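Below is a short briefing on one protein chain.

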Amino acid sequence: MSDKPVLEIRNLRKVYSRDLFKKKQVVIDDLSCRFLDGQCTALMGHNGAGKTTTIRMIFGLINPDKGEILYRGKGLTLDDKRRIGYMPEINKLPPNLTCEEILKHQLRVYDPAHLKKREHKDAIEEKLREIDLWEHRSKRVGKLSKGMGRRLTWAQATIHKPELIILDEP
């Protein structure tokens, strides 16, 4: 295990000013933290503390007003983001797709160059068996129970064997 961080956040700041008549809201002010190989690290705070905002900045969905996010010592690239698995607080899976289709799409996006079509098929079967959804592989997501949906969301976050997994409100 190395003490060199996989992910490092330095002096992150985010301020929202949504309305001309409302005061600016500082959501994150000078956040610095490191996520090391082989360790579990938690961002803890009350509701509205900026945990999900931080995650959104890691993925580039929101730009920080100040600070930097580094992956293995360098600025985050699209390829780096493909090395991260993400499981949101709420299942956000398209209800009209099947379990297999969800995982097939995930592999196309997150592992486009590494696996051949046959290997993708094998990886999908292995993951669905691991989470005990193989018998439901052709079931539409909208027909799954909440627990089955959570397991499928976990499978989606981990099927591409990420180096880092981010769980929002696990």
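Which residue in β4 stands opposite Y71? Y71 faces K74 there.

This is a predicted model, in which local features need pLDDT of at least 70 and side-chain atom pairs count only at pLDDT 80 or more, while totals for chains, interfaces and linings use all residues. Residues are numbered from 1 along each chain as its sequence is written, and side-chain values use heavy atoms, with hydrogens and water left out.

**Sheet**

- Four strands make up an open sheet with antiparallel pairing, in the order β2-β1-β3-β4.
- Strands (E, at least two residues) and helices (H or I, at least four) are DSSP runs numbered from the N terminus; two strands pair if DSSP finds at least two bridges between them.
- The edges are β2 (25-36) and β4 (74-75); each has a single partner strand, so one side of each lacks a neighbour in the sheet.
- β3 and β4 run antiparallel and are joined by two bridges.
- Strands of a sheet pair through backbone hydrogen bonds, either parallel or antiparallel.

**Aromatic rings**

- There is one aromatic pair in the structure.
- Its members are F59 and Y86, with ring centres 5.3 Å apart and planes at 55°, so the pair is tilted.
- Rings of Phe, Tyr and Trp (its six-membered ring) pair if their centres lie within 6.5 Å; planes under 30 degrees apart count as stacked, over 60 as edge-to-face and the rest as tilted.
- F59 lies in the loop between α1 (51-58) and β3 (66-71), and Y86 in strand β5 (residues 84-87), so the pair ties together parts 27 residues apart in sequence.
- F59 is buried at 15% relative accessibility, whereas Y86 is partly exposed at 29%.
- Buried means under 20% relative accessible area, exposed over 50% and partly exposed in between (1.4 Å probe, protein chains only).
- The charged end of R137 sits over the ring of W134, 4.0 Å from its centre; the criterion is NZ of Lys or CZ of Arg within 6 Å of the ring centre and within 35 degrees of the ring normal.

- W154 belongs to helix α5 (residues 146-158) and is partly exposed, with 31% relative accessibility.
- S138 is in the loop between α4 (117-130) and α5.
- With a relative accessibility of 52%, S138 counts as exposed.
- The C-alpha atoms of S138 and E100 are 6.5 Å apart, although 38 residues separate the two along the chain.
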